[in-house]
Amino acid sequence: MTQKGPPVCNLISVQIQLLRDGLRCWLREYWGANSIMKSKEHTRQVRNMVLEKFKAGLGYKKISQALNISRSTVQSIIRKWKEYGTTVNLPRQGRPPKLTGRTRRSLIREAAKRPMVTLDEMQRATAQVGETVHRTTISRALHKCGLYGRVARRKPLLKENHKKSRLQFARSHVEDTANMWKKVLWSDETKIELFGHNAKRYAWRRNNTAHHSENTIPTVKYGGGSIMLWGCFSSAGTGKLVKVDGKMDGAKYRAILEENLLESAKDLRLGRRFTFQQDNDPKHKARATMEWFKKKNIHVLEWPSQSPDLNPIENLWQDLKTAVHKRSPSNLTELELFCKEEWARISVTKCAKLVET
């Protein structure tokens, strides 16, 4: 019997493997002769050859000449073998973090427990445990877990009875329809200073010109004078806006209501059965004032104490002050005039959107 030869597929695979090995040898010789074509990282075979020659007693210079690689590369390969016992590439994660995991977790706990803690305080705390790092390092560690430094919002101080009254207010009105809120006439007082608006303004300027008059906002002590305003609005638009002369007391407040409340409700077409909103200022809740409402058959909305943030007119006050100070009034007469003009310019759409939200 004649012996059969190896299968054709096996012969083809052997030939392919030989071609691959030959190509690798040619590329290795070509790259060795042409330093420009050197790869960024040597193969594992080259690194093993470096180690074999080192074990055979050759020095760094002779290994470098024999394999045509730099002496520093030879030193690096042998150093890795001495330290880790291998020439294989180890997992790399970039520069080691300067904060240990324990300290980083401690900083995160501190920031979550005390949101007002400063970076300087956390920096001193890390220095006490022997880890001196920059403020930016601490900031990045907090950013990675979703903690970012933001300006704290100013909110009214709420005691337990205030919280309970706000909760009761919300529960009593949770079923109210949008039409009910359209029948509410919102009111409040505000003080506007002549030069006292604290909004940020940006100026395009060159270096060393920050204090030139055209790049600054003029300020004076105590705001340069101010005026007190009383105003009201509903979803149908703005009502009356009047200046309060002198100090506001119960009698003056009732005079303002007598002259402006019903007229505003009529202009805004709220009908007879509208609801009037006011806060719990003593002059608002005075017996004489409440009797005046009763005499005029005006329903007053029960309002929780310490809740200016619930009144949508606060948004209009902010918009009014911004618009007025853009016009730069020079005296209190202009300030009052600009306030009334900008108040009348507030659109019905804006008022309706505030009430809806």
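The legends below describe close-up views of a predicted model.

**View 1**

**View 1. Strand 2 and its two antiparallel partners.**
Strand 2 (residues 226-234) is joined to strand 3 by 6 bridges, the two running antiparallel, and a hairpin of 2 residues connects strand 2 to strand 3. Within this pairing, methionine 228 has valine 244 of strand 3 as its bridge partner, while phenylalanine 233 stands opposite threonine 238, also in strand 3. Strand 1 is likewise antiparallel to strand 2, with 8 bridges between them, and here serine 187 stands opposite cysteine 232 of strand 2. Strand 2 is mostly covered, since 7 of its 9 residues are buried. Strands of a sheet pair through backbone hydrogen bonds, in either a parallel or an antiparallel manner.

**View 2. The largest nonpolar core around tryptophan 343.**
The largest nonpolar core holds 25 residues, of which Phe233, Cys339 and Trp343 touch the most other members. At least two residues of this core come from each of strand 1, strand 2, helix 12 (313-326), helix 13 (332-345) and helix 14 (348-356), and helix 12 gives the largest share, 5 residues. When neighbours within four places in sequence are left aside, the contacts of tryptophan 343 include Cys232 and Phe233, the run of Thr238, Gly239, Lys240 and Leu241, and also Ile313, Leu316, Trp317 and Leu320. A second, separate core has 19 residues, among them Val242, Leu261, Trp292 and Val300.

Valine 50 lies in helix 2 (residues 44-55). Because its relative accessible area is 0%, valine 50 is classed as buried, the cut-off for that class being under 20%. Beyond residues up to four places away in sequence, valine 50 touches Ile63, Leu67, Ile69, Val74, Ile77 and Ile78. For isoleucine 77, which is 27 residues from valine 50 along the chain, the separation between the two C-alpha atoms is 7.6 Å. In soluble globular proteins, nonpolar side chains tend to be buried together.

Definitions and conventions: Residues are numbered from 1 along each chain as its sequence is written. This is a predicted model: local features need pLDDT of at least 70, side-chain atom pairs count only at pLDDT 80 or more; totals for chains, interfaces and linings use all residues. Side-chain values use heavy atoms; hydrogens and water are left out. Two strands pair if DSSP finds at least two bridges between them. Helices (H or I, at least four residues) and strands (E, at least two) are DSSP runs, numbered from the N terminus. Buried means under 20% relative accessible area, exposed over 50%, partly exposed in between (1.4 Å probe, protein chains only). Contact means heavy atoms within 4.5 Å. A nonpolar core is a set of buried Ala, Val, Leu, Ile, Met, Phe, Trp, Tyr and Cys residues joined through side-chain atoms within 4.5 Å.
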